[in-house]
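Reader: I would like to learn how to read a model of this kind. Please start with the whole and then go to single residues.

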Amino acid sequence: MRFADYFGRALSGVSSSHFPWVKTFKESPLSKLIDIPLPHIPEDVCRTSADWINQRPIEALGVFVLWALDCILADLALQQGGGKGGKKGAQHATSKSQVAIFVTLAMVLRKKPDGLTNVLPTLRESPKYQGQDKLPVIVWMMAQASQGDLSVGLLSWAHNLLPVVSSKSCNPQSRDLILQLVERILSNPKARAILVSGAVRKGERLIPPPSFEILMRLTFPASSARVKATERFEAIYPLLKDVSLAGVPGSKAMKQVTQQIFTFALKAAGEGNPVLAKEAGAVTIWAITQNVDCCKHWENLYNDNLEASVTVLKKLIDEWKERSIKLTPADTLTLNRTMKSLRQKNEEALEGGANGASLSLYKDADKYCKMISGKLSSGSSCIKGIAIAAALAAAGAAALSANPEAIAELKNQMESWDINKFTESVMTAFKN
C-alpha cells in the first residue's frame, strides 16, 4: 500500500471539488472515463511506477486491486449518504485522496491486467460488489485492464458483465455502459487476430459456453422482446461467436466445449423463436461436425427436444453439400448409426400412438432421418468401392510385376481414363 501512500501525499491537495468522480462517472461515456485520471500524471512518473509494478507478484497486486476498489466504494457510499444528509466534512476528508487511489489502480490494471483476472470470481460472487451504482467503477476497472490486454478485457466482460445484462434487474443505462466496453474492445484493429487466436487464455476460455448462450439469446430474441440494444448485439455477435467457437479441433478441452454448446443450442432450436432457432440449429450442426461424439448425446436428448431435432435435421439436409465434405469415414459411420437410432425412436413413437403435434414432428423427423441415411449410404458405397479397388490392385501387383506385357496394357488403359471425371464422380457421391 506504500505505492498508494506516495501518490496520496503527492496528490493530497486535490479535493473532491477538483475531482468529482462520482458525478463524472454517472454522466460521462466510457470513452471519456477510460483515461481518468492518468493524463494528469507526468510520463516519467508513469514509467517509473510501471517498472515498480512489474516487480510485484500477481497475488499481491490482486490484494491491492480489491483494497483500492473497497476504498473507492466506501467513498461512493459516503458521497451518496452525504447527498441524503450525511456528514459533509467526512465526505470531503475521505474524498481528498481518492484521485491517488484511482491513479494507482489504473496503473496496476494497465501494467498487470492479471491483477484483475485473479479477483474476478470475488467480484462476481461477493454481494458487496453487486449493484447498479457500483457498475460504472467495475466497468472502468475492466476498461483499464483491456488497455493492457484485450483478452483480459473480453474475459472480464464475458464472465462478469454479460450475465448482468441478461438479468431482469439490468436497466438500459447499465446495459449501455456494458455494451460500450465490449464495443471499445472489439473496435481495436487487431481485436479479431488477438481474440480468436487467443480464445483460451491460461486454460480459461475468454467466452465460456454459458456466456455464449447468453450472448446468443440477447442477439436473437423474439420479435416482441427486441430492445434498443438488440441491434448493437447483432453488430458484435459475429466476432464474439468466432471467439466462442475457436479452439483446437479434436482436443479433449474442445470436445467438452462442443458438448456443452451442443446441449444448449439444441434446446434453443426448439423454443418456438424462429430467429433463435435458425442460429441455434446452425450452431448445433457445427458442434456435430466438430465433435461427432455429440451424436450419442443427441440420441439421449432426442425425445425431449423433438421440435429442435426436426429443425436441425432439416438444416443438415439443406446444407448437406457444405457439411458432408467435413465428415471423415469414422464420422460418417457414427452419424449413420445415430440416424438409425433416431429412426428407431421415431418408429417406436409412431407405433406407440403419438398424436397431434408430436405425430407430425415424428413423421417429419423420420423423413429427414431416412434422407440423411440415404446420403450417408451413398457416400459409404463409394468408399467401399475405392477400398475394394485398392485391395484388388494390391493383390494383383505381384502378378503384374512378373508380366511386362500386362503392365504395358494396364498403363495404356489408365492413360485413357478421364481422371477429372473420375474425381468429380467420387466427390459427387460424397455430397449427394
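This is a predicted model: local features need pLDDT of at least 70, side-chain atom pairs count only at pLDDT 80 or more; totals for chains, interfaces and linings use all residues.

Reader: How many helices and strands does the protein have?

Author: There are 24 helices and two strands. Of the 432 residues, 46% count as buried. Among contacts with a separation of 6 or more, 80% are between residues 24 or more positions apart.

Reader: Is Thr338 buried or exposed?

Author: Buried means under 20% relative accessible area. Thr338 has 1% relative accessibility, so Thr338 counts as buried. Thr338 lies in helix H21, residues 329–351. Leaving aside residues up to four places away in sequence, Thr338 touches Cys295, Lys296, Trp298 and Glu299.

Reader: And Glu231, buried or exposed?

Author: The cut-off for exposed is over 50%. Glu231 has a relative accessible area of 57%, so Glu231 is exposed. Glu231 belongs to helix H15, which covers residues 228–245. The C-alpha atoms of Glu231 and Phe220 are 9.8 Å from each other, with the two residues 11 apart along the chain.

Reader: Where is Lys202 found?

Author: Lys202 sits in the loop between strand S1 (200–201) and strand S2 (204–205). By the same cut-off of over 50% for exposed, Lys202 counts as exposed because its relative accessibility is 69%.

Reader: What is phi of Lys202?

Author: Phi of Lys202 is near 55 degrees, a positive value in a residue other than glycine.

Definitions and conventions:
Residues are numbered from 1 along each chain as its sequence is written. Side-chain values use heavy atoms; hydrogens and water are left out. Helices (H or I, at least four residues) and strands (E, at least two) are DSSP runs, numbered from the N terminus. Buried means under 20% relative accessible area, exposed over 50%, partly exposed in between (1.4 Å probe, protein chains only). Contact means heavy atoms within 4.5 Å.
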